[in-house]
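Visitor: I am new to reading protein structures. Could you walk me through one?
Guide: Gladly. Ask as we go.

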Amino acid sequence: MIFGIFKGGFFKAQYKNQLWASLSVTLISLAHGIGLGWLSPMLTKLQSQTETPLAFTVNIDESSWIGASISVGGLLGNLLFLSIFDRFGRKAAIFGLAFPHIFLWILVYFAKSVEYLYAARVCAGLTGGGIYIVLPIFIGEISDSCIRGRLTSLFSLTLNVGVLCGFILSSYVPYDAIPMVVLPLPCVYVLAALYYPETPQYLIRRGCYSKAQKSFLFYKNVLDEGSASDKLEVQNQFDELKKSIMQQQNQNDNFTWRDIFNKKSLVALSSGVILISVNIFCGVFALVNYMSSIFTAIKTELDPDINTIIVGVIQVIGTYTATILVDRFGRKILLIVSSSGMGIGLAAFGIYAFFAEETSADLSAYSRWLPLLLMGIIIFLANVGIISVTFVVLVEILPSKIRSVGSSFCLALLSAFAFVLLLIFPLSMHYFGLSATMWFCATVCAFGLFYISLFLDETKGKSMED
């Protein structure tokens, strides 16, 4: 089972370079995940007078701003890396992702006030905002349609493995040592990026046809290997790709508003906006950031940090499951299962939180296992569909001419929505209770289920140019 992602011809020689390039580029999502997961256990320590590892503590308002400031960086990262992505190429953007992440850990290490942590989270957001644009499109452009879903899902899988590592490091490793553990990752990522070339699609659009051909042959693994018939077949595929892209360019060499304001583009953008809205306001991103605080609020018997780590493991399993199933059963069915199951789980968790917070009911028989079980179900099903598959679908549904702009627009909304969610979530828990907060998130899942079931098209097996 553990190697299920690699079944179905995944280890064919023709996919070797696609696989290794995808694994190499997702090192930065692993590092970014550590930066995300680091906050949850650490935040409860920073709020404690006795446990804080720094010379200061943070209050509830400062905690909400620490949580939300990552989304400010995310919005800036969307805009910055979109510009780099289209003007200087995918590889330039890939290299650029490493530097804000390095600054994140430098600021964490030298933090002397809460403002250092605000700045660190903004740096984390810069990398995160770029990752959500650069990685799905880069992987989508270099991969064959039959394995694209699994390769693109590696991005979410490595991100959540990183989150789990962040939970563990923040719980058990001294504060000052964590940056020293993580900083080698972006350095290895930059060195690995030297190995693989620019995507053929970008090179064709820039008129670099010879380089584009070499890149295409590299990702098909027939540059130095393969028979004459294999090379001829791949050459025909390249000619078709080149013809398709040039036809699109000949239709209109300059990007205009008409490329957006037509039925096909507007429908795709609307679907993207709705998927992003459900992705954020289902609440899972806030649950990951404030997991330890949530378990503390409902007074579970297990240590909140242990609960958080267990849920982190479940999150990785959920993402891994999506990675296996996304090319086998399709995107739509996973989104339907995910949104329906999450809605039920969030509603049930809200009911438990209501009895824990608002009544004097004795929940000692359930407090050790039921909150953890419900949270595990929510996180697992979220990562089977809504969290991981959303970004696979987003890249595939957007027409190629507006793919970069459309992805950036949707991800800018994601950053804006995430800012609102992370800012108000702890305040909502404080003023309205965890139960009401969970019920709102369950309602969002119900809306997502309605839209996905009736209006979202399946994209499994379609080429990126379709």
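Visitor: How many salt bridges does the structure hold?
Guide: Keep in mind that this is a predicted model. A salt bridge needs a side-chain nitrogen of Lys or Arg within 4 Å of a carboxyl oxygen of Asp or Glu. The structure holds 4 of them.

Visitor: Let us take one. Which residue forms a salt bridge with Arg90?
Guide: Glu141 does. The closest N and O atoms of the two are 2.9 Å apart. Now place them on the chain. Glu141 sits in helix H7, residues 114-142, and Arg90 in helix H5, residues 90-96. The pair therefore ties together parts that are 51 residues apart in sequence.

Visitor: Are Glu141 and Arg90 buried or exposed?
Guide: Look at relative accessible area. Under 20% means buried. Glu141 has 7%, so Glu141 is buried. Arg90 has 4%, so Arg90 is buried too.

Visitor: Which salt bridge do the side chains of Glu141 and Arg205 make, and what is its N to O distance?
Guide: The side chains of Glu141 and Arg205 meet at 3.9 Å, N to O. Glu141 is in helix H7, while Arg205 is in helix H11, residues 200-205. This pair ties together parts that are 64 residues apart in sequence. Arg205 has 28% relative accessibility, so Arg205 counts as partly exposed.

Visitor: Which residues are linked in a network of salt bridges?
Guide: Arg90, Glu141 and Arg205 are. Trace the links: Glu141 pairs with Arg90, and Glu141 also pairs with Arg205.

Visitor: What about loops? Where do Lys220 and Asp144 lie?
Guide: First, the contact. The side chains of Lys220 and Asp144 meet in a salt bridge at 2.6 Å, N to O. Lys220 lies in the loop between helix H12 (209-219) and helix H13 (228-251). Asp144 lies in the loop between H7 and helix H8 (145-172). The pair therefore ties together parts that are 76 residues apart in sequence. Now apply the area test again. Lys220, at 13% relative accessibility, counts as buried. Asp144 is buried as well, with a relative accessible area of 13%.

Visitor: Now a residue from another helix. Where is Thr323 found?
Guide: Thr323 is in helix H17, residues 304-325. Its relative accessibility is 0%, so Thr323 counts as buried.

Visitor: How far apart are Thr323 and Ser156, in sequence and in space?
Guide: Check both distances. Along the sequence, Thr323 and Ser156 are 167 residues apart. In space, they are 8.6 Å apart, C-alpha to C-alpha.

Terms used: Residues are numbered from 1 along each chain as its sequence is written. This is a predicted model: local features need pLDDT of at least 70, side-chain atom pairs count only at pLDDT 80 or more; totals for chains, interfaces and linings use all residues. Side-chain values use heavy atoms; hydrogens and water are left out. Helices (H or I, at least four residues) and strands (E, at least two) are DSSP runs, numbered from the N terminus. Buried means under 20% relative accessible area, exposed over 50%, partly exposed in between (1.4 Å probe, protein chains only).
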